[in-house]
Amino acid sequence: MAVSEDLKDFIEYKLPYPLAVVYRNYRNQDEEDWQERTRLLVALFEITVKILASITIKSYLLDGGKDSNLNERLKSFTRPALGHWLEVLREGLKYFKDRPRTPLVNHLYEFLFGRLKCSEEIQQKAGRLARSLETAPPKADRLAYFDLLVTLRNKMAHGARLSPEEYRERFECVRPIVEAQLNDLRFMADYPIVYVSEVKVSSGLFDHIVQNCNGKDFERQRFRAEEPLDDHQLYICQFEDLKSAPVFALSLSPFMVFEYCTDCKREQIFFLNELRGKKIEFLSYQCGHLLTPPEHISDLQDIFDFLSGKVSVEDLFRGRVLGRKVPRTLVSPTQDEKAICARLVALGETCLLEERVEEAIAYLRKAVALDPDAEAAHFLLATALLYQGEAIDEAIHEYKEVTRLNPQNALAQLALGKIFIELGDSTAARARLALALEADPANQEARELLQTLGLSPVTGTFISVDPEETGSEKE
Ligand SMILES: [Zn+2]
């Protein structure tokens, strides 16, 4: 029975990178290699447990880490076997039984403890798999299925070799069980995992360059937020829309990290594998390589210190969580947004010169959507809109974007001054013309318009007026 295209697309395009890539590897595997295909299916299950456990542990710590039993387990989380990961996932979520949960934790809780809808076919296959592993058939609940898969994994690591027919039989039981678990992770599509590679301050906001790690390719994105996230950390996020900063972001370090794999010479997502003395080791399921990047030791040490009461929860999460609405939002460009934007601006400018105004506007709107910091794109768009004369409000908005990016752009200040004169708003007009003159004292047009408006530019009394504060311009 073939897996539905819908499920395949969901896994390969929406689920976190390690799942998407290992699933693709599984699908590309030789059909007849039942043993390897089963191993990859089990790897998908392991990754699922580790991702969900990483989110759960960090959510639990963020909530204050008040369960002493769980804290003891976490203190010895230095060589976690799959069973340990599953244990902290289960106990971590149980902690939230009667506590307020974030929407994400609520999803995880429902996923693990909610009623399991599983088909007759899957129940039969699980029964058959359990028999072959000499264990009891699972009840219809998620944890029982997970326990069964852990038993399978341990048997595969340490058990006897099987005949090809037995491997095939096992594969045919495991496949629908694992795929059903992945199918139940639909909520994860709303919680992308992103790696924050760089944070810069621009125009009073924090500009984040991130790699979106959902699906089988990393995708570069940007967002701006009023508060910065830590760079070089992997976050699980929630976005209200693609163009905005996340309304929620939680660092998953050091349980999941994003690192350059020195063996396969590319970035990978790794899971905490082992802490030995001062050496921390991570494992990537996508490439199978191990990595020992020392910088993550301090993240794990901070957690141990927090569990021992030496570090406060605020210190543990400083820069590692974002939990409130961020009003200002921008872009989510895909590839080399600046290059594409520059091309669109050039096209827009050509069209404008040839008076193909509608076309120019279309190109330039795309350009500003792609790179909201492209001053030239905003300026040309504003000019085109003004020329077309149908969307004056948008033209004003675009000129203001230019002056926000560059208050010294005298031409944009002058254009705004002229628009406000047209609109009969002399207060706003004066303020803008004064700013134009301040930016370019030789601008004769600004000087003359100001004189026409009845104020000498040299008195300068209005120069300090913030144009955004003049009532008439607020509309
Ligand atoms: Zn590698």
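**Note on the predicted model: strands, cores and loops**

1. The model is predicted. Within this pair, Leu 275 has Ile 280 of S8 as its bridge partner. Arg 276 faces Lys 279 in S8. Two residues separate the strands in this hairpin, and Gly 277 has a positive phi near 60 degrees there.

2. S7 also pairs with S6. Six bridges link the two, again antiparallel. Val 257 lies opposite Phe 270 in S7. The hairpin of S6 and S7 has four residues between its strands. Lys 265 adopts a positive phi near 60 degrees in that hairpin.

3. These strands belong to an open, four-stranded sheet with antiparallel pairing, ordered S6-S7-S8-S9. Which strands stand at the edges? They are strand S6 (256-261) and strand S9 (290-291). Each has a single partner strand, so one side of each has no neighbour in the sheet.

4. Strand S5 (residues 246-251) deserves a separate look. Five of its six residues are buried, so S5 is largely enclosed by the rest of the structure. S5 is joined to strand S4 (residues 233-239) through five bridges, and the two run antiparallel. In this pairing Phe 239 is opposite Pro 246 of S5. S5 also runs antiparallel to strand S10 (residues 321-322), with two bridges between them. There, Leu 250 is set opposite Val 321 in S10.

5. Check the peptide bond from Ser 253 to Pro 254. It is cis, with omega near 5 degrees. Pro 254 sits in the loop between S5 and S6.

6. The largest nonpolar core has 91 residues. Leu 19, Val 22, Leu 44, Leu 234 and Tyr 235 touch the most other members. Helix H3 (residues 34-62) supplies the largest share of this core, with 14 residues. Domain 1 (5-187) and domain 2 (192-322) each contribute at least three residues to this core. As general background, nonpolar side chains in soluble globular proteins tend to be buried together.

7. Leu 234 is one of the core residues that touch the most other members. What does Leu 234 contact, leaving aside neighbours within four places in sequence? The list is Ile 193, Tyr 195, Ser 251, Leu 252, Ser 253, Met 256, Val 257, Phe 258 and Ile 269. Of these, Ser 253 also forms the cis bond to Pro 254, and Val 257 is the residue opposite Phe 270 in S7.

8. The chain is divided into three parts: domain 1 (5-187), domain 2 (192-322) and domain 3 (337-474). Between domain 2 and domain 3, the C-alpha centres are 40 Å apart.

9. Pro 80 is a loop residue, placed between helix H4 (68-75) and helix H5 (82-94). Is Pro 80 buried or exposed? It is buried, because 22 other C-beta atoms lie within 10 Å and the cut-off is 20 or more. Not counting residues up to four places away in sequence, Pro 80 touches Trp 85 and Leu 272. Its C-alpha atom is separated by 23 Å from that of Leu 185, which is 105 residues away along the chain.

10. Ser 203 has a phi of about 50 degrees. It is found in the loop between strand S1 (193-202) and strand S2 (205-212). Ser 203 is exposed, with 11 other C-beta atoms within 10 Å. Glu 355 has a phi of about 60 degrees. It lies in the loop between helix H12 (337-353) and helix H13 (357-370). Glu 355 is exposed too, with 9 other C-beta atoms within 10 Å.

11. Last, a helix pair. Helix H17 (residues 426-439) packs on helix H18 (residues 444-452) at an angle of about 145 degrees, and their axes are 9 Å apart. H17 and H18 cross in the left-handed sense. From H17, the residues at the contact are Arg 430, Leu 433, Ala 434, Ala 436 and Leu 437. In H18 they meet Ala 446, Arg 447, Leu 449 and Leu 450.

Methods. Residues numbered from 1 in each chain as written. Predicted model: local features only at pLDDT ≥ 70, side-chain atom pairs only at ≥ 80, totals over all residues. Core = buried A, V, L, I, M, F, W, Y, C linked by C-beta atoms within 7 Å. Buried ≥ 20, exposed ≤ 12 C-beta atoms within 10 Å, placed from the backbone. Domains from an automatic or database assignment. Contact = placed C-beta atoms within 7 Å. Pairing = 2+ DSSP bridges. Axes fitted to C-alpha atoms, helices over the stretch in contact; angles between N-to-C directions. Left-handed = near helix turned anticlockwise from the far one by under 90°.
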